[in-house]
Amino acid sequence: MCGIVGYIGEKRAQPILISGLKRLEYRGYDSAGIATIDGKSKVTLLRAKGKVAELDEKVTTHQKQDTVGIGHTRWATHGEPSKRNAHPHHVGEIYLVHNGIIENYQDLKEMLVAHDYDFKSDTDTEVLTALIDYLYKDSSNLLAAVAGALKMVVGAYGIALFAEENPDEILIARKGSPLIVGVGAGEVFIASDASALVGHTDQVIYLH
């Protein structure tokens with residue numbers, strides 16, 4: 001069980017993501033991280049081992065005006081609690097957070113290693129991130145790459161991701177793991193639990 005948050009709108013994303021992660025910390029407190037992106041495709045990735053408070057300290061020294069971002073608080077399933085195993089994971093163009101378990105990640109990992117992918121973590125999530133990046137290189141269509149990758153994986157997932165070349169877009173998908181969309185005035189919130197949306201919007205969509 002892990003916690004996912006996301007934001008796309010006109011407000012600063014970092015404080016919104018941190019606030020959401022604090023509300024979701026009961027879903028995982030091994031590590032936490034956020035990735036935000038600005039209109040020029042510059043990404044700020046911050047990750048920390050331990051509770052969300054450790055991540056919050058990093059944000060105070062790396063404050064950005066980015067208005068798009070994703071975040072995650074982790075309960076370890078594949079790989080020990082550590083900064084390198086923390087989400088979001090980054091491979092090539094893709095930044096991704098994931099709640100769930102990819103059961104066939106070892107087979108996918110072997111295939112991707114054969115295509116010159118070098119893995120820095122022990123997680124199944126990094127394998128999914130690499131798989132999407134691999135397919136994205138071929139198609140240059142992010143939605144098609146995500147759809148193609150999800151047809152190849154076995155397991156459960158709730159994911160949120162963005163690509164550097166698409167700074168105004170977040171893609172989400174779920175199978176088995178919860179994912180909720182909150183709609184505000186010119187803004188959208190993403191969370192794995194409605195508690196993360198309290199104070200932001202009461203217009204909530206539960207993905208099926």
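**Group meeting talk: a walk through a predicted model**

Hi everyone, let's start with E126, whose place is in helix α4. Before going on, a word on the model: it is predicted, so to speak of local features we need pLDDT of at least 70, and side-chain atom pairs count only at pLDDT 80 or more, while totals for chains, interfaces and linings use all residues. Residues are numbered from 1 along each chain as its sequence is written, and side-chain values use heavy atoms, with hydrogens and water left out.

Back to E126. Is E126 buried or exposed? E126 is buried, at a relative accessible area of 4%; buried means under 20% relative accessible area, exposed over 50%, and partly exposed in between, with a 1.4 Å probe and protein chains only. Leaving aside neighbours within four places in sequence, E126 is in contact with H89, V91, D118, F119, K120 and S121, where contact means heavy atoms within 4.5 Å. From E126 to D138 there are 12 residues along the chain, and their C-alpha atoms are separated by 19 Å.

Now the whole protein. Its secondary structure comes to five helices and 11 strands; these are DSSP runs numbered from the N terminus, helices being H or I with at least four residues and strands E with at least two. The radius of gyration is 15 Å, close to the 17 Å from the globule rule for 208 residues, so the protein is as compact as a globular protein of that length. That radius is taken over C-alpha atoms, and the rule is 2.2 Å times the number of residues to the power 0.38. Of the 208 residues, 53% count as buried. Among contacts with a separation of 6 or more, 62% come from residues 24 or more positions apart.

You'll find L55 in helix α2, residues 52–60. Beyond its neighbours within four places in sequence, the contacts of L55 include I18, L21, A32 and I34.

Next, some backbone details. Most residues other than glycine have a negative phi, and most peptide bonds are trans. Which peptide bond is cis? The one from H87 to P88, with omega near 0 degrees. P88 lies in the loop between β4 (68–74) and β5 (89–91).

D116 is not a glycine, yet its phi is positive, about 70 degrees. D116 sits in the loop between α3 (105–113) and α4 (124–139), and counts as exposed at 72% relative accessibility. S140 has a positive phi too, near 60 degrees. S140 is in the loop between α4 and α5 (142–152), and is exposed at 60% relative accessibility.

How many cavities of 30 Å³ or more does the structure hold? It holds two. A cavity here is a set of points, on a 1 Å grid over the protein atoms alone, where a 1.4 Å probe fits but cannot get out; lining residues have an atom within 4 Å of a point.

Terms used:
1 Å grid on protein atoms, 1.4 Å probe; cavity = no way out; pocket = protein on both sides within 12 Å on 5 of 7 lines; lining within 4 Å. Points joined across faces, edges and corners; volume = space filled by probe spheres on them.
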